[in-house]
Amino acid sequence: MTDAPATPLVLRSHERGITTLTLDSPHNRNALSTRLVAELHQALADAAADQGTRAVVLTHTGTTFCAGADLSEATSGAATDGPLGLARLLRGIVALPKPVVARVTGHVRAGGLGLLGACDISAAGPGATFAFTEARLGLAPAVISLPLLPRLDPRAAGRYYLTGEKFDAAEAARIGLVTLAADDVDSGLAPVLDGLRKGSPQGLAESKKLVTAQVLDTFDRDTEALAERSAALFGSAEAREGMTAFLERRAPAWAR
């Protein structure tokens with residue numbers, strides 16, 4: 001007797017040229033576990049190969065779009081691909097020959113912001129909140145800077161990277177983290193998706209190359225160094241204290 005297949009963490013659907021990939025790992029707030037990253041990577045590759053797909057929508061179940069790294073894996077040593085695996089996923093989104101659109105109605109933290117940075121277009125609703133929480137854990141937003149820093153307002157990046165403050169969808173749109181903030185995210189995305197459906201496969205792919213060239217140059221130049229920096233931080237004593245404190249719902253040793 002064989003074991004039943006595991007329930008997918010990335011759900012797939014398709015309608016009128018749009019493939020929707022839904023992060024569905026509510027037990028850890030859609031954290032970027034090894035398994036979720038692998039499933040999302042494969043789902044994106046399948047969408048890229050599908051001639052009927054004009055664009056991909058990346059969305060989520062529950063109240064959190066993505067909480068970032070799976071800290072349970074990170075503290076237990078169970079993560080198998082770590083920062084380099086995340087870098088490959090983010091580069092895959094940027095380099096996908098089809099537009100990727102993020103639909104966000106919940107919270108986004110740390111590494112989840114890297115997903116938004118990698119997407120071509122993103123829309124956030126009034127329930128969305130955002131925060132770069134890495135510095136509070138003894139970490140830094142290293143790998144996710146690859147798609148983010150070429151697109152973010154520099155002053156805003158300096159503030160939010162350092163403070164870990166929470167901000168809303170309107171501020172996310174102001175600083176370039178998302179494309180638009182809308183009271184009704186689906187109404188806001190309707191003209192965007194309608195426009196993408198009218199694009200030719202070649203026209204969309206070549207147009208995307210023009211607007212992602214700088215970001216891909218950043219990946220090609222800095223991926224190895226930033227992945228090594230991130231891995232070193234995750235392995236440090238200070239980060240272990242920060243992550244453990246977070247999981248135990250207590251203040252870390254350095255908090256004042």
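I looked up the neighbours of strand 7 and found two bridges to strand 10 (residues 180-181), running parallel. Two strands pair here if DSSP finds at least two bridges between them. Helices (H or I, at least four residues) and strands (E, at least two) are DSSP runs, numbered from the N terminus. Ala123 has Leu180 as its bridge partner in strand 10. Strand 5 (residues 100-104) also runs parallel to strand 7, joined by four bridges. There, Val104 partners Ala124.

The model is predicted: local features need pLDDT of at least 70, side-chain atom pairs count only at pLDDT 80 or more, and totals for chains, interfaces and linings use all residues. Residues are numbered from 1 along each chain as its sequence is written, and side-chain values use heavy atoms, without hydrogens and water.

Next I checked side-chain directions in strand 7 (residues 121-124). Ile121 and Ala123 point one way, Ser122 and Ala124 the other, and all are buried (under 20% relative accessible area, 1.4 Å probe, protein chains only).

Then I turned to aromatic pairs (ring centres within 6.5 Å; planes under 30 degrees apart are stacked, over 60 edge-to-face, the rest tilted). I count three. Phe132 and Tyr161 form a tilted pair, 4.9 Å centre to centre with 50° between the planes. Phe132 lies in the loop between strand 8 (129-131) and helix 5 (145-148) and Tyr161 in helix 6 (residues 154-163), so the pair ties together parts 29 residues apart in sequence. Phe132 is buried at 1% relative accessible area. Tyr161, at 15%, also counts as buried.

Note on methods. Buried < 20%, exposed > 50% of the residue type's maximum accessible area, 1.4 Å probe, protein only. Phe/Tyr/Trp six-rings, centres within 6.5 Å; stacked < 30°, edge-to-face > 60°.
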